[in-house]
Structure formats: C-alpha cells, structure tokens
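Keep the structure open as you read.

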Amino acid sequence: MPANPTPATPTPATPAHSVPERIVVVGFGPVAARFVDELQPAAAAGVAEVTVIGEEGQPAYNRVLVADLGVGRTTLASMQLADPDELALDGIRVLLGTHATRIDRSRRIVHTAERGPLPYDRLILATGARAAIPNLTGLNPDPLHPVLPRGVTALRDLADAERLSAAVRGRKRIVVLGGGVLGLEAALAASEEGATVTVVHHGGRPLGRQIDAGGGATLSAVLRGGGLRLAPNARATGIEADDDGSFRALLLEDGSAVDGDLLVLACGARARRELAEGAGLATGNGILVDHRLAALHTEHVFAIGDCAEVRCPDAACEECARADGPSGLIAPGWRQADWLAASFRSRLLGESTPLPLTVERPGVILLKARAVNLALAGNVQREPWESVAWDAGDGGRAPIDVSLWADPARGRYVKMCTREGVLEGFVALGMPRAAAELTLLFESGAELPADRSVLLRLDGPESSLGAPGSSAGPESTLCRCAGVSRGTVEEAILGGCATVEQVSKSTRAGTGCGGCRDSVRRLVEQHFAGVGA
C-alpha cells in the first residue's frame, strides 16, 4: 500500500464520538481506494467503522492502464491500488463481488443483493463511470445493461483487457471506434505490439473537440506514420456479425464497412448515477454535489470521482458556472478523495480543517505512446491572423494572442494561445520539453516569457537539458496525478526502492495515468548507475 501522508495512529485531543461512525463507501475503484487509504487513521483509531462495497471480484486497480495490461505492457499486480487484507488489519471491511441495489435515505441503509442491508452514518458514492455504448444496429440499446457481441469490447475492466490481449497476441485486425485520448492510446499500443489497427472517428481529425485544425492535421500524419489506419469523417451505423454472432465489420453511413476481428468502443464514458437517482438525489451529468462534495439537500451522502458533478445551489457561483460535469480524469478524483477524507479526519480526529475545495479548470490532456508525445489544454481554436473586432483599450478583456510554430514533416507543432501573457490554451506535439514547461505554466497560471521561442529551444540541439525533467529541482512535480515531487521519488530511491513498482508503492508516483513512469525509471537507473560506478 502507498505510504499515508498522515500519521497512522493520531490521538485526538478530545474524541468526537463515543461510538465509531459508520461510513459506507459504494464503489472500489481508484478514487474510492484513495479515500479509504486516507481515512485509514480514523479507522485505526477506532472512531470510524468503514465498509467498502465493490462490484468486481478484484480489489481496486488502476483502470487507466487497462489498455496497457491488454497489450502486455503492465501486470495486474502493478495496477493494484489496495489490499483488502491490509485494510482489514485496521478494521476496514471490503465486500467484493457485492452489488448495492438501493439506498434508503430516511433509514440510512444501503441494500445489497449479496449481503443484505448495511446501515450507515455517512455514505460515500464512488460509483465511477461506465463506457458509453453507441446506438448501433447489432448492439443492445440498454445503456445500463449492454450485451456486447463476441468480438466487441469497451476497455473498462479486466475482462476487456483479456479480449484485447487475445487480439494482440493473435495479430488480429482491431477497429477502434472513437478518436479520443483513450481510444488513440489503445490503438497505438496495439499497433506497436503487432496488431493491424483502424481508428474510425467523426470529424476531420482525431481529438476534434480539443485540438485545433493545424495540430489535428499534424497529429493525423503522425498517427499514420506510426502505423495506424484512420477513417475520418465517418459515422458508424451498425455492426456486421459472422454466423456465430462474432463481430466481423463496422458498418458506416456511406455504405462502406471496416472489416476487423475486434471492435473497441472508445466513445467516452457516462457517470454511474442510477443508484443516486433511485434514492431521489439530484443529478445532472453526474451526482450533483456542493463544494463540500455533499449531495445536494442532504447532510449524510457524498460523492467523489467520475460520478460526482460539483454544482452548488448558488446560481451566482462563478466556479460552478464554468464547470461542465465530471472531469473523467483520475487526478481530480484523487484530490476530491484526499479533501473529503481530510474533512472527515478533521471532524473525527480533531485534525486541522482542510482548505476549501475549488472547482478545477479543465486539465491538461496527455497522449502517451512510443511514437507520439502530445500535450494540449484549454481553448486553442483561435488562429494567429484572426482580426479583433474591438479596441482592447476601451475596456473588457484583452484579446487572445496566438504564437504558432509547425514542422509537419517531422511531426512537430506548438501553439500557444495567451491573454496578457498567460496561457488560455496550448498544443505541443513532438516537443516533449516544451510540452512539460507549457503544462507547468498552464497549471500555475504563470506568465510566459516575452520571447516565446525560448520555449521552442528547449527541444533544440543546443539545449543543455538531458531527458525531459532531468533539470527539474526537487520541489518540481514529477507525478501530476498523485501530486508527487521529484525529491520525494529521489528520497524513496535513496531509501532502497530499486524498481518503478517499489517507488510507486512507497510514494504513489506512477499509479495514475502512467505518464511519469519513464521519468521514475530514469531516476532509478541513474541512481544505480552511479552506485555501480
């Protein structure tokens, strides 16, 4: 288990409860595992009685890496985020293979199909999200209980990973429906491991909702250069099956078809909110919660992660007005879990009250593959020579300035959209060091250098930098998902961690999207190379 940032057995000055508070967590994915891990001190101190309900027979694992598991680049052991036996030592009960069927809010009871009723004082909904199943002929139209034909998968769980693994091992033809990040990462990984992969997507470019025209065109060329077949501007209408019911082809609106052996549905995800809806809780794109992550109009139910939508009742709240539903990213979910657990510990153990939780701005999108390095964020649709319709000196916000550099033949493209020197959005393709710096500048809201070309030179031959991140200081963030600094990783290595897995277990670095695992590996190798010398 990862090391806890809080003491294992704190002693409150004045116990808040004479009997343990019953806390029930519905869901046992990455966000629930983080919440339970952070709440462990309260359970160990005997002031919280924690029960976790998990539908799957497996304890919590990192779903972001399901595609990597399917292509053989990681193992289930390295994806595990919790150990029920270790949790049981602190009195935390984990009920695997258990389905929550109904919430009785008036009696504060969660009903389950396998374990009967479970009473609670506080209920945490961490039900996550399910794959969005498109309305195609040949697929079950029920979004809550889809029955996918043989040869169709959605890459959400371990069974899906095994289907992908079988196709990759057999060098089969894989069709990916959807041009988002997860679909592209799965497509690239499968192609690099020997499968023939076609990506079918709406619009003229992948990542069409996030990327600009120039960046999308360059990305398409890079993807094709990496071995992918692309079918842009395509609308799927149905699937064609063999006599035994197995997937044979994806049918398109123009009458053509894309033949294949496995269809991967990468059409996004939808918050699992039906349990909350059945209990009469307010929902939108997700379960509506306020800035304390409490479900609206109730004091005893909370929601975190992919199922939670922060949208408080205050119509004048500017933060909520900018929000557009659950982020779908693991890092914001972990921050919600950390904050809610800290607020519970504050009440139960007398710890300091955490700072108010803020609604997060849309995060940086990272596309990770051997042949592709892409980071993009914010609004990047404005082009450099678009005219400004008003005089910025007359009041209002200043216009967006655009700096752009492109080398399509080599798969490189950088676009910076700034307002008064601060990034509103950026694209960095094929420029890993510039991407890392722009990511830091975007997340911090810091002003860019007046000479934007300084950032481009980070990837030039004259740069004195080594591997990306090699010149960063100990306080710099190495793992953005878990919020782990470079110095923390280096301390873990000095303390005896000799593999990426050991560092991850000790610090949590690399347990999120996996984008920092190469950096962790480099630090491990550099350290032991020096020791050997």
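**Questions on a predicted model**

Q: Is Val-310 buried or exposed?
A: Val-310 has a relative accessible area of 13%. Buried means under 20% relative accessible area, exposed means over 50%, and partly exposed lies in between (1.4 Å probe, protein chains only). So Val-310 is buried.

This is a predicted model, where local features need pLDDT of at least 70, side-chain atom pairs count only at pLDDT 80 or more, and totals for chains, interfaces and linings use all residues. Residues are numbered from 1 along each chain as its sequence is written, and side-chain values use heavy atoms, with hydrogens and water left out.

Q: Which strand holds Val-310, and how many Å apart are Val-310 and Gly-325 in space?
A: Helices (H or I, at least four residues) and strands (E, at least two) are DSSP runs, numbered from the N terminus. Val-310 lies in strand S20, residues 308-310. Gly-325 is 15 residues from Val-310 in sequence. From C-alpha to C-alpha, Val-310 and Gly-325 are 7.2 Å apart.

Q: Which residues does Ser-220 touch, not counting residues up to four places away in sequence?
A: Ser-220 lies in helix H7, residues 213-225. Its relative accessible area is 7%, so Ser-220 is buried. Contact means heavy atoms within 4.5 Å. Leaving out residues up to four places away in sequence, Ser-220 touches Arg-205, Pro-206 and Leu-230.

Q: How many disulfides does a search of the whole structure find?
A: A disulfide is a covalent bond between the sulfur atoms of two cysteines. The test here is a pair of cysteine sulfur atoms within 2.5 Å. Cys-307 is buried at 0% relative accessibility, and Cys-312 is buried at 13%. The number of disulfides found in the whole structure is zero.

Q: Which strands stand at the edges of the open sheet of five strands?
A: Two strands pair if DSSP finds at least two bridges between them. The order is S9-S16-S10-S11-S12, with parallel pairing. A strand with a single partner has one side left without a neighbour in the sheet, so the edges are S9 and S12 (229-231).

Q: Which residues of strand S16 are buried on its two sides?
A: In a regular strand the side chains alternate between the two faces of the sheet. Strand S16 covers residues 262-265, and both of its faces are covered.

Q: Which residue stands opposite Leu-265 in S16?
A: S16 runs parallel to S9 (residues 152-153), joined by two bridges. There, Val-152 stands opposite Leu-263. S16 also runs parallel to S10 (residues 173-177), joined by four bridges. Opposite Leu-265 stands Leu-177.

Q: How many bridges join S10 to strand S11?
A: S11 covers residues 196-200, and S10 and S11 run parallel. Arg-173 stands opposite Thr-196 in S11. The number of bridges joining S10 to S11 is five.

Q: How many nonpolar, polar and charged residues make the contact of H13 with H14?
A: Helix H13 (residues 486-494) contributes Thr-488, Val-489, Ala-492 and Ile-493, while H14 (residues 500-507) contributes Val-503, Ser-506 and Thr-507. Ala, Val, Leu, Ile, Met, Phe, Trp, Tyr, Cys and Pro count as nonpolar, Asp, Glu, Lys and Arg as charged, and the others, Gly among them, as polar. By class, the contact has four nonpolar, three polar and no charged residues.

Methods: Axes are lines fitted to C-alpha atoms, for helices over the stretch in contact, and angles run from 0 to 180 degrees between N-to-C directions.
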